[in-house]
Amino acid sequence: MEKKRILLVDDEPALTRMLRLNLEQTGRFEVREENQSTRALATAREFRPDLIFLDVMMPGMDGDEIAEHLEQDPRLCQVKYVFLTAIVTKRETGRGTAEISGQTFLAKPVRREELLQVVDDLLGL
Amino acid sequence: MTPSILLVDDIPSNLRILYESLNGRDYRLLIANGGAQALEIARRSHPDLMLLDVMMPDLDGFDVCRQLKADPATATIGVIFLSARDAAADKVRGLALGGVDYVTKPFHPEEIAARVAIHCTILRMDRELASRNRQLELVRDRILSSMTEGVVGLDAGGQVEFANPAATALLGAAMLDLPLAAWQPPDLSETVGRVLGGQDQFTVAELDLAATGTAPLPVELRVAAINARPLPAPASPRPPADPAGQPHPGGGDDPADAPGAGGAVLVVRDLRERQRVAAALAETNNALRQSHRELKVAQMQLIQAAKLETVGQLAAGVAHEVKNPLAVIQLGMDFLEQTLTLDQTSATVFADMQQALLRADTVVRGLLDFSRERGLDLTPDSLNRLINVSLQLVRHELVQRNIKVITELASALPEQPFDADKMQQVLLNLFMNAMHAMERDGTLRIATGLHRLRDEELGPQARAAGFLGGDLALRLLIEDSGPGIAADHLDRLFDPYFSTKPMGEGTGLGLSVTRNIVNLHRGSIDIGNRDSGRGARVVLLFHADAAPLPPTRDGATSIAAAVAGEPAPATAQSVSSPPTEVPRGEETHPAGG
């Protein structure tokens, strides 16, 4: 079975590295990190991920701005994405994720099990 | 006006001598040759003066004088007796009858003229004095009539000599006809009697007369003795004794000490107007104090809002900056835990690190919660229901700690607009605080009720939230049997980050968040120690007047029933269900607990 491709967009390299290590450790995903928000769309077009993690607050371009471009891009509009944010608290997201106006949110700090659960849910695994 | 003088003698030669003595000196002279004629002329012409012979055949001079004095129309005529009888007894008799002078015959014409001139002068001065007196009386009557104070003059025997219209209106005409001893109320006659009896020279008293019916009539009474000497002014030193020999005050020849002097003047002032003004002033004062208080509350709220705004921005920033590194650590630890084979010690280290991470996250989450308590999702809800639901969430811990719960929840409470989630957060926080204070084996008492607030029971937070004595409030009491709160902690309970728990337990934000939520419900929370017995006492108040009432009449009467059921404002728990144990329900853990 082909590995699912996941793109991580966050301005903090240590965080994308930790996310990548945890995801790759399962052996089921191919992961790409992008720490420059302005390059996120270009990387997505080139990498063609199945799922994108988007930090909400980033210098240059915010996560929701990137999401807007994703939905308008015919080649990327089918790609699932999930917001990763420090502003939403765990209580608001319940266990793991929250749907706020139709968007999926994952609250920092996220635990490995929650992370893998959200990925499985969104990719229908 | 030329004085007219009637000359009376039965002997024509005597009449001629009198006539010649006075003729040519600016008098109008009349003549009578007998007593009867003298009376007739006197009644017709009203002479100013009469020179009256005593010895006359028809009616002697003394009889004429007696008749003149008996008739008010002629009584003022001045009588000078003329007689050959020069015995002292005769002179005394004549003067006693009202004569002004007594001249013995034979007289010298010049002497007659001189005496008549003197008496005419005296008469003129007398008339001027009388006319001046009448003017003064008129002025006095006008002054007394126009005064709003009642003025009463009393003689030494306590009989009213005069009373102005205001006095008659205040004291009643009937009472003024009575002797002082019969005046009502008794303290009125006593007060006046003290001055009349000489015990006081001057006295001031306030009395209630109730003279004009059943309505109370408060008056100020000032009574002064008529012969009261002016009291020495305290500010000015007494002048030195006059060496010219002025009568010394208190000396025997002082007219005030003369027998027969006495009496008192009574001034009565109606105090109702003054009381009305005072009441109006007090009312204005109250309104002013109330608006001042409201202003202070508004100011406090503004400051609080500004503080929250700042804290909110800060919190969001801090949360963002802290949560990213926390996420890195969390995921890094999770990764290492998966990939490394850990021995016993390393596993303990990992567990400790995980605990530390959770704590840090809890603090940041509390900060975010704190900064976000700005809006509420209000729906009509029952405070009692919220209490029961929250109690179920902590039931497990209550049982474990062997803490007994007594609930006294008023049955007729109206529903109020509450944010159920946030109110549960408040209640859980307060229940947890109580449990932690008691540790093990204690009693948690929870009581609700509609309560008419008394001013003296309002705590500082209740006042700051705008509660006033007399307000109808929904009240929740939470009392524990723990050690209570140290005096130096009471003021700081609501400060963000103030905590009595050991480092690492509790964020210190619990009570400040709790207060914010309660304040957003337009309520207040005061925390102190119980009046009797050990333990802390938490009082939450919500405006019951603001409660949206059900449109039916039943809703309104249920509030009335709940309030009317209070026997005394001190206990609001009388309308409550009997103490119950913690409701048995499914075991649930408080969120984040």
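B:Phe81 is buried, at 0% relative accessibility, where buried means under 20% relative accessible area, exposed over 50% and partly exposed in between, with a 1.4 Å probe and protein chains only. B:Tyr102 is buried too, at 8%.

Before I go on, this is a predicted model, in which local features need pLDDT of at least 70 and side-chain atom pairs count only at pLDDT 80 or more, while totals for chains, interfaces and linings use all residues. Residues are numbered from 1 along each chain as its sequence is written, chains are lettered from A and ligands numbered from 1 in the order in which they are written, and side-chain values use heavy atoms, without hydrogens and water.

Now the aromatic pairs. Rings of Phe, Tyr and Trp, the last by its six-membered ring, pair if their centres lie within 6.5 Å; planes under 30 degrees apart are stacked, over 60 edge-to-face, and the rest tilted. By that rule there are five aromatic pairs over all chains. For B:Phe81 and B:Tyr102, the centres are 6.1 Å apart and the planes at 45 degrees, so this pair is tilted. B:Phe81 is in strand β4 (residues 78-83) of chain B and B:Tyr102 in strand β5 (residues 101-104) of chain B, 21 residues apart. Helices (H or I, at least four residues) and strands (E, at least two) are DSSP runs, numbered from the N terminus.

The rings of B:Phe418 and B:Phe542 have centres 5.3 Å apart and planes at 90 degrees, so that pair is edge-to-face. B:Phe418 belongs to strand β13 (residues 416-418) of chain B and B:Phe542 to strand β17 of chain B, so the pair ties together parts 124 residues apart in sequence. B:Phe418 is buried at 1%, and B:Phe542 is buried at 1%.

In chain A, ring pairs join A:Tyr81, A:Phe83 and A:Phe105 into a cluster.

Two arginines sit over rings, meaning NZ of Lys or CZ of Arg within 6 Å of the ring centre and within 35 degrees of the ring normal. A:Arg5 has its charged end over A:Phe47, 4.6 Å from the ring centre. B:Arg140 lies over the face of B:Phe162 at 5.4 Å.

Next, the core. A nonpolar core is a set of buried Ala, Val, Leu, Ile, Met, Phe, Trp, Tyr and Cys residues joined through side-chain atoms within 4.5 Å. The largest one has 45 residues, and B:Ile387, B:Phe431, B:Leu444, B:Ile446 and B:Leu540 touch the most other members. Elements giving two or more residues include α11 (383-400), β14 (442-452) and β17 (536-543) of chain B. The largest share, eleven residues, comes from α12(B). Beyond its neighbours within four places in sequence, B:Ile446 has contacts that include B:Ile387, B:Leu391, B:Phe431 and B:Leu476, contact being heavy atoms within 4.5 Å.

What about disulfides, cysteine sulfur pairs within 2.5 Å? The whole structure has zero, over all chains. As for individual cysteines, A:Cys77 is partly exposed at 33%, whereas B:Cys65 is buried at 0%.

Then the interface. The contact uses 22 residues of chain B and 24 residues of chain A. About 2200 Å² is buried between the two chains, 62% of it from carbon and sulfur atoms; buried area is the accessible area (1.4 Å probe) that two parts lose on being put together, summed over both. B:His320, B:Leu331 and B:Phe335 supply 27% of what chain B buries against chain A, more than any other three residues.

Last, chain A. It has five helices and six strands, in the order β-α-β-α-β-α-β-α-β-β-α. Of its 125 residues, 50% are buried.

Note on methods. A disulfide is a pair of cysteine sulfur atoms within 2.5 Å.
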